[in-house]
Every structure is written in structure tokens, then in C-alpha cells.
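Thanks for making time. I'd like to walk you through one model. Let me put it on the screen.

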Amino acid sequence: MAATIAGVFNPELQNLIKESKVLLVGAGGIGCEVLKNLVLTGFSELEVIDLDTIEVSNLNRQFLFNKESVGKAKSHVAKTSVLKFNPNVNIMSHFGDIMDTKYGVAFFNKFKLVINALDNKKARSHVNRMCLSCQIPLIESGTMGYNGQVEFIKKGVSMCYECNPRSEPRTYPMCTIRNTPKEPIHCIIWAKFLFNQLFGETDEDVSMDEDGKIGSEKLSARNWAIQNNYDPKKLFKKVFFDDIKVLLNLEHLYAEKNIKPVLLDESLLDQEHTKYSDVLDSEMLTLEQNISMFWDCVTPIKEKWERSANKCLVWDKDDDMMMNFVVSCSNLRSAIFNIPFKTHFDIKSMAGNIIPAIATANAMIAGQIVIHALRILRGKFEKCQNVFLRSMPNHKGGVLVKDKCIQPPNPKCNVCSSKGEIVFVTDMHNFTVRQLEELVLKKKLNMVAPDVTMLDRVIISSDETDGVDMYDMTLSEAGMTNGCSFDAEDDHQNFRVKIIAYDKEKSGEEDLDFEILNNINDLRTANEQNNKTKPDENDEDDDDDDEDDCVIEQAASPAGSTVCDNNGGAVNYVMVDEEEIGHDEVTEEIGNEEEDTEKISNEEVDAEEISNEEKLAIKRKADEAIEDINDAKKSRVD
Amino acid sequence: MASELMKNGDGEMSKDERKVYDRQIRLWGFDGQNKLRATKVLLIGMQGLGAEIAKNLILSGVNSITLKDHTEVSILDRCSQFLIPRDSEERNRAKASLSSAQKLNPNVKVIVDTTPIEENVDSFVTSFDLVIATECSPSTYKRLSENCRKSNVKIFIADVYGLFGYFYQDVNSAYSLYGEIFPNNAEIDTLTSTKKLPQLYYLTSALLKFQSDSNRKPNPDTSEEDIEELKSIIHLQINYSSSDQENKDDVFEEYYGELFCELSPTTSIIGAMVSQTALNTVMNKPVDKYNVFFYDHIEHEGKFHLL
Ligand SMILES: [Zn+2]
């Protein structure tokens, strides 16, 4: 440890390193590297927290773990591993969720510095708020593939994690998924929905239940499957033949479209079993092989489902049978809608939202994090500009590039500025207080335990002993009116925001349940655009017939997102370019994308610092993650 | 290891390997991974920077890596060498690193070589696809660069001084040899007449000159004298080079305080940058327009240059 050897650092810095208590949130890809760097540099008062356990696919980069440690808690194993090369350091490891209320202000206040090495937006926002509230400097980080970034956050000095709205995940209209798929991703999403419908927690999955409406008095797929004892061949016939016939009967669905399902050959219903076990995951299966794969996976999944605690399975890309289910269903549906097949490997990327991850990008980001940490300890905040790691050198040869100066806080930020307010638009006669809490405050605004008051009247209370229960009321029944304002706050995060609510009657099924805007001008702009676009609404995607109000949040691309180091997490979906969708080779696409980025920067020869386009490209790739409904549940279980 | 093969033949990637490499195959593809699996690497120097490079290359799944170091573990290794367990009885750096290095990835052959590179014949490098050298003397780097050029072996030369670090690469035999860029003269004359040199070139050149004069890197024990020595070298070099660089030696004031030992944040950055650039070269995506990379720890910027 460098700080114990005289002459390596100046004495002032040497002491600061030895004495400063640092919290590391996350012991994954970046976390392992940061922990190593901190310990070697001589930091000797550390706490590390992570809620994950080690998986095989972590081992190509999370070097503090090996095969024997698979299944164990990351935080504990990481600690044990670094103690081997430096036993003289105090590390407290926590196997838990940083959003747990037991890690409150008192916990955070122990630290001189917090480092985020997280993989999801929700936890990042949470730590951001905790650090703002405790006035502790925070280093935020992320990588995706070859790209990465380090951001410095300090209340009143720099932008916070939430100063600029982070991009939202790509969404797909439900009707496209259900009736008019055009791309492999649509079929993959449909396959995951089918899985949920058959084996998952259907009662929460409104969109799927409505599926029964198509053929007026049909049973839900789940009940049908139960009645037929999940017979693979019957299920195959029902889902890929009978249901398609029903769709075809709804002529209006396909009347004006160039998309139309084509029934598969009936002879496939009792085809011979076709061997597929020797096909590599990078090779394409035939139609017959997909059918056999489907027949083979239904029963094992059904057995697992029967054994599961409350007869509910959560789809998991690392479960071979569940993965085969999605591969075969997605390709079979593609066959019906004349969409190209995808390989097992590619479907796993898209369905699992896997973010590619490598050791080197994490190590570079982790090195920069500790250099920032050294500057922060000495109070040299002005030296802590955001740093971006590029996949290829820019026109000036730069690979690690920085902002020219610290980005000042956004005075209108909802989180770090007291002047922030949010515009919330919904149909107050239908939207319930429960939806307000779950969908708006928790899911959208990342609160943990929200309280809502309007003119001193409590509408939602995080304290059950208050006995406030207005959850089943609509907002209008709870006393809200068009243009009213209320306060939402989270004591734990010390975060409060003023929300101005507008009533907007839901005019059609395609309307969103609610909208969140940063200010009233956005509402006006949105309305104007809405009015303008109304006439030509009939273009392909978002149309007509059997629309649901449900919009599916899904990662867009093969480079989509999961499990990794700073962004993915089994937990997340990432926003990626639309161009990246629907290609055949994941790796190729990434290559192309880089070249595009390169082109952009070449054109701006005289830009001194990193251009906004570059930054956005890197951020988009390296930073954006949002929770998937299923995976979020999974993370709570840990 | 009894791993199930996906296809017949020893050369194919096993299912186990596919699982471990999954996240990177999704970045550089099966082709890229297979190229790495065929690559034999020589890594010279097992201090902190060597440990980082070893870690990155072993994790990536190269075919084999030879860890070459004849020197003994020192207390300064504690600043950045994480592969040597504190309770190791081994004195040799490469031997002491072997067990942790091998554990990172059982699919890679990790070999230890304790013969000094100076004692190997010039053709030694030809048995490797890739040579990465750290912690050698400037004259050894010069010789290695020439030998690799002759044998068409790709070479990377990297060093870290405190929080500052750089590397040189020769991946296409198109540009200057190491010794041409860093001639180790008291005056810098070979390059300056034609090119405007990046500031950090002077710092690097002075550090190398210091190293060849004193036969060691700057040391924390003698930090004050060493800083003075470096300052006078820089002053001389700058004065002998182009005239429009007045007062330039002042710009390094901030840098001097953090030039001792190999410090972990920068071994992490340089080790990863040199590793990834080397891996990309193996996968036919070399950074071929440049030959030197500097990491600026004060400005925290990492840039390639063509010198
Ligand atoms: Zn903010």
C-alpha cells in the first residue's frame, strides 16, 4: 500500500489516504478493480456492499472471484481476495441492498467519499440522493463494452446523477407485439410474455390477461394450459396454429398492412423429433429443430413451475430450458410472420439484455476513479471533470477524454435543487393513489418510501401507523383537481419534490396512463405536437385496432443489457440505438457503431474537448439502464 | 479439466470456456475469441504493471503467457503488485505471482521464466506472437524493439512512474523504432527538428535518461534528489530542442510529486490500455495510426500520438 511507504505521496495526502473512510457500492466488474486499487493505494478504512452472488459469466473480468466462489456473496469474497495481498486493511463487507432503509443517513455520514460501481439506474439515483443529502462527494461510474465513464458529483459543485433526464428505454406498442410483429425483437418479447403468461405472475401482467379478449370468450392461456396439463404438442398447436387462425379471422387487423401471418404447414404438428443438441448456439436452428426444442422444454419448465413456491417462475436467461423456450417460441413466431430467425446466442443477448463486458474497460475506469478520489481528498474538486473512455481514439488520438470543466448543477433539477418541480399528467378519474405510489413515485421517480401531502392533508404515508389508506381511491376522489400541486417526499433519501398535477382525459387506448414532464412548457409542446401528428397517426407502428394502453419497456438491442459491471446487472435494460436492432451479428454491430462515432468526431476537427455527440454516444452506451419488471423482482429476492 | 467439447477436435472452445467468455464474445465475437485462444504472449517484468497486464491477458483467454522476471519481490511491490500474496515464501517475482495468475483462468497456460531478458539470444522473441515488456532498461527496450521488428513480432513497451505512465507499440513495422523515439541523449535532437512534441514526451524522455544514468527509476527514498536530477535533465533537453518552448520545464511542477513507485491507479489504466490495444491487434483491429500513448495523471487524459 503506497500510502504506508514514505516519500510516495506528500505527507498531507498520505494521511488523508490512510484515514479517509470510503464506501464502495458494488463489487462487480468495476467494483473488484476499484477495491484492488484502493487497497494498493493505501486506503485502509473501507466498506463494500453488494447484493449479488457470483456467476460463471462474471469470471472473465471480476478477477477477485474464481470457479470455486460461484454462488457466494460478491462483497465477502472480494474482501477475502484482497486481504491476501494486503492483510493490513479494515474492510467491512455487506451482503445487502444499498437501498435498504438500514443504510440510512447515519450509515452514509461515516464516509468521506462514496464510490458507485453499480449496475442499475434505480440504485444509482438512490445513492445520488443519499450523498446529496449528506453532502458527501460521490464518484459515479459505468462501463459498457469498450466504453465507460467516471463522473464526480458534489452538492452545489457539480451536476448530480439526476440533473439531466437519462434516456428512457425503447418501448414497443403492445399491438405490435401481439398482432403485427415486424422484427425478431418483437417475437422475442412476445415469447417472454408467453412464458410469463404460462408460468409467471400473471395477475400483475395486465397486458397478457387481455390477450383473452381477442377471441371474445376464450380462456386465458394459463387456464387453457392447466386444463390441458401443459401437453407440449397441444400447446404447440394452440399457440402456433389455433391462435393464429383467430388472428387471421380478425380481418381488420391486417387489412391495410403488408404484414400478415401465414399458417404453418399442418404436417409439422406431428413431425418426427429432430435432433438439435449438436447445433452450436452461434448457428441457426431449422424450423423443425425449433419445434422439437419447444416440445422438449415445456415439460421440464412445467415441473419446475409445480415445484416453485407460489406457482410462479421468473424467467431467467441462465436457465437452459427457459432460454430454449424463448428461442423456440420466438423463432416459431418469426416463421409465421415471415421474420428471419435468430441464433440462440443472439436471442439470449436480446431477451436477457446482456451488456458485453470486459476486464480492461473496467480497469481503466477503476484507475481513473481512484485518481479522482485522490484529488477529491485534497479538495481539488475543479480537477474532477467527468472522464469518458472511448472505444477508439478520436481524431486527436484521445481515448480517455474529459469535460473541459466541471458541469455545474442544473438549477431546475428535481433532485439537487430546491426549485425543481415536476409536471404530472394523468386521467385523475381513473388513476389511483396506488398507481401514483407504485408507478410514479417508486418506479419512475425512484423513491423508496414516499409520503404525499396536499395542503397539509396526507394522501400517502410511508408510516403504516398513520393509518392512512387511500390506495384504492382515484386521484380525483382523493381530492386532486386539474392544476393542483402536492408534495412528494422520501424522508430516507431526504428528497422532496413539488408535483403539479394536470387532468387529461384518456381519449384513446393508445394514450399513456400518465406522463411526467420537467415543466409546464414541455406539456404545451407535447400537446401541440400531439395535435399536429393526429392526422397521420395511421402509419405503421402505433396504430389503431387492438391497442393496449400498455407500453412494453424493453431493451432494444442485442447489445441490450444485463449483468454487468456497471450498467447491466441482471437487472437492467439499456437504451441503445435503433440501428442496432435486428442485425445478425452482435459483434459486427458494435463494430459499426464505433465507426459511426468515429465519423462524427472526425467532422468536428476543432472541438477542443469531447464533443456532445461523443459524450452522448458514450453515455447512451455506458450509462443507461432501467429495471425490467421481472428482474427487479428477482433482485428483491436477493 | 474434463470439459465437454462443443465439436470434435482439441482446438474447439469448450462449453465451459464459452460460458466464462460469454460477455466478451458478445463484444468481439467468436472469431476474435478464437484468435486470442491461439496467441502466445511473452510478458517481461512482473511488478505492478506486469501484474495488471498478466491479469487482463489471462482473463481474456490467450493461449499462453510467459511471465519473465529474474528479480526479487520488494516492499515497493505493495503499491501495485496484487498477484503476490503477502505470505508467499517465493522471492522471485514471477514465481511468486504464478499461483494467483493461474487461478484467474485455468484455460490459459501460465509459464514462469526467470532468466534475465539480457541473457536471451536475439531470436528468443520469435517463439511468441506478442511481446509486452515492462521494467527493463532503456537499452534493453531498444534491443527488443529491433529484434521484434526483424522477426515481425508485435511489441508493446510500457512503464509506469508513480501516477504517470506511457507505452510504445510497434504493430505494423511502419513507424520509428523505440530507440529512435527515445534515443536517451542529453539533448533531444532526432525528432524535434520535424515535429512538435507533446509535453509528456519530455517527461518520459527525462525519466528514461534518468534511468539509464542511475540504473534505476526515481525512488521514494531519495525523492528530493531525484526530483532535482529530473528537473535538470528536462531543463537541458528542452533547452537543446526547439526555442519556442521557453519556461516549459515549469509545467511539470505538479507532476514531480507523484512519480515514485508503480502506483495502482495508473498501473490499472496503462495495464488495461496496453492489454486492450494488444488484444485488438491480435484480433485484427490495431490502433495503427499511432505508436505512443501517454496517460496524463494531472489532466487525467489518455492520448495516442505518432512520434
Ligand atoms: Zn441534480
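This is a predicted model: local features need pLDDT of at least 70, side-chain atom pairs count only at pLDDT 80 or more; totals for chains, interfaces and linings use all residues.

Start with the interface. Chain A and chain B bury about 5,800 Å² between them. Of that area, 59% is on carbon and sulfur atoms. On the chain A side, 71 residues take part in the contact, and chain B brings 64 residues. Which three residues of chain A supply more of its buried area than any other three? They are N60(A), Y146(A) and F345(A), and together they supply 10% of what chain A buries against chain B.

Now charges. Side chains of opposite charge can pair when their charged atoms come close. Between chain A and chain B the count is 6 salt bridges. R18(B) forms a salt bridge with D281(A), and their closest N and O atoms are 2.3 Å apart.

Next, the whole structure. The search gives 41 salt bridges over all chains. Take the one where the side chains of E12(A) and R378(A) meet, at 3.5 Å from N to O. What does this pair tie together? E12(A) sits in helix α1, residues 11-19 of chain A, and R378(A) sits in the loop between α15 and β8 of chain A, so the pair ties together parts that are 366 residues apart in sequence.

On to the helices. Two packed helices are described by the angle between their axes and the distance between the axes. I have two pairs, and α12(A) is in both.

Pair one is α10(A), residues 232-249, with α12(A), residues 287-307. Their axes come within 9 Å and cross at roughly 120 degrees. That makes α10(A) oblique to α12(A). The crossing of α10(A) and α12(A) is right-handed. From α10(A), the contact uses P232(A), K233(A), L235(A), F236(A) and F240(A). From α12(A), I291(A), F294(A), W295(A), V298(A) and T299(A) make the contact. By class, the contact of α10(A) with α12(A) has 8 nonpolar, 1 polar and 1 charged residues.

Pair two is α7(A), residues 184-199, with α12(A). Here the angle is about 45 degrees, and the axes are 11 Å apart. α7(A) and α12(A) are therefore oblique to each other. Their crossing is right-handed. F195(A), L198(A) and F199(A) of α7(A) meet V298(A), I301(A), K302(A) and W305(A) of α12(A). By class, the contact of α7(A) with α12(A) has 6 nonpolar, no polar and 1 charged residues.

One last detail. V298(A) of α12(A) is in the contact with α10(A) and in the contact with α7(A).

Definitions and conventions
Residues are numbered from 1 along each chain as its sequence is written. Chains are lettered from A and ligands numbered from 1 in the order in which they are written. Side-chain values use heavy atoms; hydrogens and water are left out. Axes are lines fitted to C-alpha atoms, for helices over the stretch in contact, and angles run from 0 to 180 degrees between N-to-C directions. Helices (H or I, at least four residues) and strands (E, at least two) are DSSP runs, numbered from the N terminus. Angles under 35 degrees count as roughly parallel, over 145 as roughly antiparallel, 65 to 115 as roughly perpendicular and the rest as oblique. A crossing is left-handed if the near helix is turned anticlockwise from the far one by less than a right angle, and right-handed if clockwise. Contact means heavy atoms within 4.5 Å. Ala, Val, Leu, Ile, Met, Phe, Trp, Tyr, Cys and Pro count as nonpolar, Asp, Glu, Lys and Arg as charged, and the others, Gly among them, as polar. Buried area is the accessible area (1.4 Å probe) that two parts lose on being put together, summed over both. A salt bridge is a side-chain nitrogen of Lys or Arg within 4 Å of a carboxyl oxygen of Asp or Glu.
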